[in-house]
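Subject: Structure for you to look at

Hello,

Here is the structure I promised to pass on. Please open it and keep it in view while you read the rest.

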Amino acid sequence: MEATQSAEGGVTLSRDLRLFDITMIGVGAMIGAGIFVLTGAAAGAAGPALILAFMLNGIVTTFTAMAYAELGSAYPEAGGGYLWVKEGLGGAQGFLSGWMSWFAHVVAGSLYGLGFGHFASELWRMAGLPDFGMSQALMAHIFMTIIVILFTYLNYLGASETGTVGNVITIAKVIILGAFVVFGIAALGNTPNWQSRFTEGFLPNGAGGIFAAMGLTFIAFEGYEIIAQSGEEVMNPMRNIPRAILMSIAVVVVIYVAVAFVSIAAIQVPDDFEMPLVENAEGEMVPVIELAEGEELRTYQYLGLQGEVAVVRAAEQLMPFGAILLLISGLASTMSALNATTYSSSRVSFAMGRDKNLPDSFAHIDPRRHTPVIAVIASGALMIFLAWALTGIETVASAADIMFLLLFLQVNVALMTLRHKMPTMKRGFIVPLFPWVPLIGIVSNIALAAYLVLGYNQTAGLVTIGWVGGGLLLYYAYFVRKEQIEKPSEILHEEVLVSRDYSVMVPVATEDQARVLGDIGAKIAADRSGEVMALHVATVPQQLSLADGRVFIKEGRRQLLERVIEQAEAHEVPVHTMIRLSRKVADAIDRTVTENATNLVVLGWPGQTNTSNRVFGSVIDPIVDNPPTDIALVRYREPARLPCSILVAVAGGLNSRHAVRLAVSLARQTRCAPAASDGAGPPPVKVVLYHVTPPGAPESERVRAAKTLSYARNGVDYPYVEERLVEAPNPFDALLDEAANHDMVVVGASEEPLFRNILFGSLPEQLAREAPVTVIVVKRHSGPIHRFLRQTVLEPSSGERVTNGR
């Protein structure tokens with residue numbers, strides 16, 4: 001493997017992993033803890049329903065795995081879920097996804113190391129070798145330490161060497177497990193009435209037992225995530241990553257269900273088995289499981305009592321040299337899973353170091369081996385520490401499960417946001433039935449995580465809270481500032497004279513926009529004792545870095561801002577100016593609104609667009625589709641005189657109220673031209689509220705219409721407001737005819753249902769196109785729930801749709 005330089009000068013990894021290699025990485029990671037370490041505990045929790053728990057986990061996993069398949073084919077870089085969440089959600093969410101992903105893989109590595117230690121100590125005991133006075137638990141931890149150090153070194157050597165070793169181990173354990181299943185099925189013929197083990201007492205602990213088993217073994221299904229982590233080193237990732245993810249899950253689910261089935265159906269509880277004793281609250285030694293008189297211990301209970309070596313005990317009964325073979329297979333399984341998680345944890349921490357979310361040393365590539373040496377060593381050291389620090393394999397597994405579930409939740413949300421942000425990105429796989437598949441994934445992940453924290457292992461929940469809380473403290477105390485310092489600044493110019501609480505943003509790209517929008521924005525800001533923010537965005541092509549974008553700053557950009565300043569000074573309003581770089585103008589406006597707490601954005605529209613699949617254009621549509629703040633869209637027509645009359649089309653709702661207030665702000669700050677023969681000063685501008693009802697409408701309808709007008713002007717302190725309630729068969733024709741009698745029209749956008757996206761609505765859009773005077777369409781900002789739905793679930797009102805890029 002070799003390290004290379006990206007187009008933007010960053011460190012990348014070479015592509016030398018084939019479809020078979022990454023499929024084996026996923027299978028190797030998944031066939032580890034689930035079968036060889038956690039089957040016993042899961043059988044004790046779910047009983048014969050363990051096979052159902054494995055099936056359900058396979059289904060739940062597939063919902064999120066499809067998100068990984070789509071995003072992994074579109075963004076094949078080291079880091080996987082961390083990079084997608086960082087791109088889709090950004091900020092603290094992006095950091096937190098990497099922080100949790102790193103910890104989850106490290107804790108999973110601790111689990112696999114402990115599993116290896118238990119199998120190795122059991123094999124040591126069976127061989128009759130001296131224990132040097134050590135307990136089996138201490139010996140297991142020593143073996144764990146040795147194997148983690150070994151695989152840390154192997155991962156330092158490189159992915160190709162690691163992959164070769166992993167492939168051999170994975171194939172070997174699949175063969176042994178296949179033999180275990182075949183011998184188990186053959187043994188059913190000598191097991192009387194084995195069907196009753198599933199027909200009687202299938203759910204001994206109810207649905208809670210299934211949830212416990214699912215939560216406990218969920219870590220065994222996360223190996224596909226490691227496939228995405230290796231995206232930067234995969235040949236033809238758009239084709240191979242989705243295939244490897246889905247193939248590895250299919251293989252593993254079949255093996256899990258088959259092994260669980262024969263383990264419960266084909267074995268017998270040994271006649272010489274002695275029930276373990278435990279001390280009760282009174283200090284008495286009592287059996288771990290209380291059996292009624294005449295009741296026999298069931299096979300699932302026996303497996304639960306065997307813990308980490310349950311499958312080994314089953315193999316002793318089912319196949320020649322079964323214990324030895326399964327111990328060897330268990331050793332191979334835990335080693336391959338440890339290999340995969342060591343690999344993935346180092347790649348996540350490497351990506352975080354490259355993004356300045358961990359110290360720079362994590363991004364260091366060894367000049368000889370071309371591997372992220374510090375990231376590999378740090379991940380291995382943390383594995384060893386956590387394995388010694390956390391007590392009990394179940395606690396270790398639960399802590400990793402919770403982290404993975406929270407990460408998968410973030411990835412499903414990121415899938416939905418990236419569908420909106422980057423619909424034209426080439427994807428090798430498209431998640432079907434969008435958005436229901438990721439929504440089901442989110443709900444199932446939350447349910448399992450909540451059950452693990454609240455109902456199964458509270459210690460694991462405390463570990464999760466401690467790690468997440470510590471990460472957020474580090475991020476806000478240090479890494480967020482380092483991230484901002486290191487990345488190229490998007491802002492080339494910014495000047496703030498006086499800061500006001502109310503801010504009106506005026507994005508400008510031409511001289512006419514600066515003149516017209518600057519005047520309107522300044523009038524609104526003056527009426528509301530606010531400021532004007534003049535913004536110009538210089539777009540940078542995708543193939544160049546933002547740092548190189550300065551070459552696109554043409555002469556005269558500053559003059560655009562000067563035109564806005566002139567308009568603001570005429571109304572004695574302070575001005576905040578900014579020039580910034582961005583890939584997309586709409587994204588820059590959105591970020592600037594958030595950073596500066598802008599209250600209103602005034603956008604200009606010439607009346608047509610040359611962009612296909614867009615209503616108002618590639619800049620306006622994304623902003624209006626999900627407004628980060630209140631929006632005023634201006635369709636400007638040069639007036640014959642200063643405005644003396646402003647028509648407000650009132651349809652009801654909050655957008656109409658905003659339209660009335662904006663019209664009144666403009667009216668207060670405008671004086672119309674006096675008549676030539678009139679020596680008096682300019683008269684005030686009048687505001688006419690206009691509402692249309694059908695001809696012959698009943699009295700109740702007219703009462704509602706009057707209330708609509710009253711609601712729209714409620715709280716407005718301006719004496720020159722008129723209300724007109726008219727009857728007309730076609731509201732649009734009536735408004736269009738009335739508009740000719742006024743100098744400006746202001747209209748509120750149509751109100752949106754919660755689960756539907758529209759831009760402004762058909763009537764406001766048509767009015768803006770056809771009215772003979774200037775039209776301003778007003779739309780209020782999205783509430784938090786609606787904004788989240790627009791960013792994730794709801795289809796955009798216009799623009800490109802996601803397509804398969806193969």
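Below is what was found, starting with the inside. Keep in mind that this is a predicted model.

**Cores**

The largest nonpolar core has 163 residues. As background, nonpolar side chains tend to be buried together in soluble globular proteins.

Take Ile245 as an example. Beyond its neighbours within four places in sequence, Ile245 is in contact with Ala65, Tyr68, Ala69, Tyr224 and Ile227.

**A histidine to check**

Find His141 in helix H7 (residues 136–157). Is His141 buried or exposed? Its relative accessibility is 18%, so His141 counts as buried; the cut-off for buried is under 20%. A polar atom of the His141 side chain lies 2.9 Å from the backbone oxygen of Ala137. Leaving out residues up to four places away in sequence, His141 touches Leu114, Ala387 and Trp388.

Met126, Phe321, Ile324, Leu325 and Ile328 make a nonpolar surface patch of about 450 Å². Helix H15 (residues 322–354) supplies the largest share, three residues. Ile324 is found in helix H15. With 34% relative accessibility, Ile324 counts as partly exposed.

**Salt bridges**

How many salt bridges does the structure hold? There are 21. In general, side chains of opposite charge can pair when their charged atoms come close.

Start with Arg515 and Asp512, whose side chains meet at 3.9 Å, N to O. Both lie in helix H20 (residues 511–527), three residues apart, about one turn of the helix.

Glu566 and Arg563 form another salt bridge, with the closest N and O atoms 3.5 Å apart. These two are also three residues apart, in helix H21 (residues 557–570). Glu566 is partly exposed at 44% relative accessibility. Arg563 is partly exposed at 28%.

Now look at Glu727 and Arg702, where the closest N and O atoms are 3.0 Å apart. Glu727 lies in strand S13 (residues 721–727) and Arg702 in helix H25 (residues 699–713), so this pair ties together parts that are 25 residues apart in sequence.

Best wishes

How values were computed: Residues are numbered from 1 along each chain as its sequence is written. This is a predicted model: local features need pLDDT of at least 70, side-chain atom pairs count only at pLDDT 80 or more; totals for chains, interfaces and linings use all residues. Side-chain values use heavy atoms; hydrogens and water are left out. Helices (H or I, at least four residues) and strands (E, at least two) are DSSP runs, numbered from the N terminus. Buried means under 20% relative accessible area, exposed over 50%, partly exposed in between (1.4 Å probe, protein chains only). A polar contact is a pair of N or O atoms within 3.5 Å; within protein, one must be able to donate a hydrogen and the other to accept it, and residues adjacent in sequence count only if both atoms are side-chain atoms. Contact means heavy atoms within 4.5 Å. Patches are made of residues with over 30% relative accessible area and no salt bridge: like charges are joined within 9 Å, nonpolar side chains (Val, Leu, Ile, Met, Phe, Trp, Tyr) within 5 Å. Accessible areas come from the Shrake-Rupley method with a 1.4 Å probe; for residues, only the protein chains shown count as cover. A salt bridge is a side-chain nitrogen of Lys or Arg within 4 Å of a carboxyl oxygen of Asp or Glu. A nonpolar core is a set of buried Ala, Val, Leu, Ile, Met, Phe, Trp, Tyr and Cys residues joined through side-chain atoms within 4.5 Å.
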